[in-house]
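Please look at the sequence and the structure before turning to each solution.

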Amino acid sequence: MPLTRFIEGPAGVGKTTYAIQHVRDLLDAGARGDEVLVLVPQRALGWPYVRAFTDPTWPSGTSIDVVTLGGLARRGLETFWPLVAERAGFAQPGLDPLFLTIETAQYFMARLVLDAQRTGVFDSISISPFDIMRQTLDNLSKAAVSQIPLDEVADRLIAAWGDRHSSRPPVYRACLEVARQFREHCLQYSLLDFSLQIEVFSKYLLHEPLYVRYLRSRYRHLVADNLDEEFSAAGDFIRWLLPGLESALLLYDTGGGLRLFLGAAPSEMYTLAQLADEREQWRDPVAASPEMVSFAAALSSVIAPQTVSLAQADGAFDRVLTVHSARFFPQMVDWVVGEIAQLVQAGVPPREIVVVAPFMSDSLRFALTARLHEHGIAAVSHRPSRGLREEPQARVMLTWLALAHPHWGIAPPVQDVADALSRSIAGLDPVRAWLLAQIVYRPGQLDLGSFDRIQSSMQQRITYVAGERYERLRAWLNAYRQTDSGDIPPDHFFSRLFGEVLSQPEFGFHGDAEAGRIVAELVESARKFRQTLYPEGAVDGWDDVLRDYFTLVQQGLLAALYLTSWRDEQQDAVFLAPAYTFLMRNRWVDYQFWLDVGSSTWWERLEQPLTHPYVLARDYPPGQVWTDQMEVAARGEALHRLLLSLVRRCRRHIYAAIAELGEQGYEQRGPLLRILQQLRQASLEGRS
Amino acid sequence: MVMLPDGFTFNQANLQDFVDCPRRFQLRYVQGQQWPAVMAEPLSEHEAFVRRGAQFHCLVERHQLGLPVAEMASGLSDSVLCTWWDAYLGFEMLHTLPGERFPELRLSAELFGGRVMAALDLVVVEPGSRVTIFDWKTYGRVPRREWLAFRLQTVLYLYLVAVVGPGMLGDWLKPDMLSMVYWFPVEPGLPVVFRYSQQQQQEDGVRLAGLVQAVLGGSGKDVWPLTSETRLCEYCQFRSRCGRGVAAGVFGEFGGLDEVVGAAGVLSFEEVDEVGF
Ligand code: SF4
């Protein structure tokens, strides 16, 4: 057995910094970089390692692997595919695997969900097709990471539901049926979503002698960080790997487990400590002030009095906490922006400030960004994936796609055509674009009219310059219709239209980096769409594919991919994000603003009627009903973890902002507000 | 001073980009601009070329890792790939070469204030004797030797192994024990071999240092120079961005396209965030 060390401690005690030094020591002692495996639960949590290993001062040598379990599985499957494909049940083992992301998995899932929905089986719950897809994929993933059979998912959910309402069990079964059909399609065409990657990796690849030899001869040292956020399957892998290693460093964040709702199994991962030769508990955060430590203790004393008494939490936290109450939501936003402006004026770099809320609506994100910009302060926000059609630049491309295929009989509204014209042609303002659209476009008519046929007074109003550009665009569409229509896949259509017209000088996307990014996502999405649905590239013509793609995007079923850019992270800008998103960045900041702390959403779970993070955990007793008391207890624990994690990632000050009337205009008295009031009361009593 | 992204590493592809056109380097790596225009037409042919190249590399890696030939060959339906595969199996020089094999070896080193990485297709090490770097080139034809000699890939790979190799393999490794072999499945009997030397290492070091320093010293604000070799623009996705034409170049009339594709240069230790918030 290797020398295995298990270090536990709260965020901020220096575990990751220590682990990086540990890797360096291994290299200094003669280990090769590619003998070290750094395992993290999520990509963002690997960045400190990647940064260190790519720093110019890092020792030269072979590269060190920083991977998630999914990434390791993917690499292994890519290379050793011929050894497992047939045994794992893939119908065409000669077909190389295509790995699906959450987004690309939806391309096929969308059809299944729409078919199932038409039967009325989901009518008893109010849920969008998009959410059915996400939660069905979620169930597949949870089954895989907890290594429970897919069939057991519905059984567990039904048992946990108890006798609440008889309409739910059929819905769970329908969801499972969609999952099964999806799995069959994947097995047919060598498509691997996350769940299948983990399953094939664990069940087959890790039992394949050649791969076992490869892996065991390759890695001699393991660093596994943030085990508290790992899945059961990662724990199994670590147990499997340990015996052949020379050393292992296992790091556990007490108070972590934030990804529990995604299938993380913190308590199970904690049992890895039993395998350790040495165990250490680190307590003193190096990044936090004593006042922050006091605040964390005070919060615990209220939420979980069994762990800390209020007496242990001295009143010092008062100095690092400001609570402000506003009557209305916009006033609260004003206050937050005002405080941030003062901080920035006083010299605080914007990137040292984060604004978090449990969920961040588009309107709130927009309001904050716009108000901060008024003060000359940059803000970046993390947007979770959302429908591609929500992006104006994507809508432009889709409008031209429809007009390039008039035989589909899909006539975009005049307003969409006007918007597409105004965004496509440089110098054509929305008013003139509207005029032009009304003249040259008649829904139902096959062609866009020629600018040359417009009355000259109107030409003058629209301007000849814009007219000439319009004609170039129209000529491109006409040429496409005559020569290429239906002969090229959707991604090629978008690439050409973008490169040959819309991004050329004198057109709307020229020099527009944001348009480039969105269209790139559209192209990528369309490419993955056809690869997923037509993996062998075997189609007679692309017309149906083009049309299918158009329809699914219009129905809001295809999401943008949103690979978060490192640039967002690097910018000197205030970061606006849902609280969990911020925490998964594992970033420390000087100042945090907690928005809308009166809202009950701070302790609510995401509304996910088709899945359940606790019931689908490996250690949940199958057959057990999930009671209301269990729900309350789970929410309390989740809130506790969330707040402690936030406090532990703040160096200087936390501002808690309250809107007495929430975003929707209702009086607010959520649990977080009550906790802060209790603390305030206790602090006042302590002083008197 | 230019600000490069977190985790940025220099590699043969981005250094080549800088040599070909500093503006391209700036747009791609400094500003991270995505610009989804067509790089070469017919697009489907270009795509098939890239896919086939990746498949071939994967096949060879599998073979070098010891996967049984029969299991790999059974899945091959693409006739071009089959021909390449047969050519590879008949590549005597490789198969008879003794020594330990390191497929897909990734090296990383500090170089003149920057971090440089290389992913080598295959390295064969005969301890105490020689080290051979192999690179599979799935071009449609064999380029001129001089062209290959000047490519950053040749320069960087040999230099990096000369610098990192002794620490990894032992002090016995001297530059003149190193060679690099480009092998072309379309012309399996015409590998292009470069032997290394101390003097070449010194010259390469000077060239690489100059490049890295030129990038690091680049302006954080101004537009970097556009290439004067406008033929390169025909195969560049930023053509419209730079006002350098409309139509993409014809695929197959230009070598080295594979090095342009997918060369992000940002160390992405995993491309897919499989489960996320
Ligand atoms: S289009 Fe030409 S000038 Fe512009 S980045 Fe590409 S190669 Fe450079």
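**Exercise 1.** How many residues does the contact take from chain B, and how many from chain A?

*Solution.* Bear in mind from the start that this is a predicted model. Counting on each side in turn, the contact draws 61 residues from chain B and 74 residues from chain A. As for the confidence in this arrangement, the model scores ipTM 0.91 and pTM 0.90.

**Exercise 2.** Work out how much area the two chains bury between them, and on which atoms.

*Solution.* The size of an interface is often expressed as the accessible area that is lost when the parts come together. For chain B and chain A the buried area is about 5,600 Å², and 58% of it lies on carbon and sulfur atoms.

**Exercise 3.** Find the charged and polar links between the chains, and then describe the side of chain B that takes part.

*Solution.* Begin with the salt bridges, of which there are five between chain B and chain A; one of them joins the side chains of Asp96(A) and Arg62(B), with 3.2 Å from N to O. Next come the polar contacts, for which 19 residue pairs are counted between the two chains, both residues being at pLDDT 80 or more. By class, the side of chain B that touches chain A consists of 29 nonpolar, 17 polar and 15 charged residues.

**Exercise 4.** Which strand of chain B is joined by bridges to strand 3 of chain A?

*Solution.* Strand 3 (residues 61-62) of chain A is joined by two bridges to strand 2 of chain B, and the strands run antiparallel. Within strand 2 of chain B, Leu107(B) is the bridge partner of Thr62(A).

Terms used. Residues numbered from 1 in each chain as written. Chains lettered and ligands numbered in written order. Predicted model: local features only at pLDDT ≥ 70, side-chain atom pairs only at ≥ 80, totals over all residues. Heavy atoms only, no water. Contact = heavy atoms within 4.5 Å. Buried area = accessible area lost by both parts, 1.4 Å probe. Salt bridge = Lys/Arg side-chain N within 4 Å of Asp/Glu carboxyl O. Polar contact = N/O pair within 3.5 Å; in protein donor to acceptor, adjacent residues only side chain to side chain. Nonpolar A, V, L, I, M, F, W, Y, C, P; charged D, E, K, R; others polar. Pairing = 2+ DSSP bridges. Helix = DSSP H or I, 4+ residues; strand = E, 2+ residues; numbered from the N terminus.
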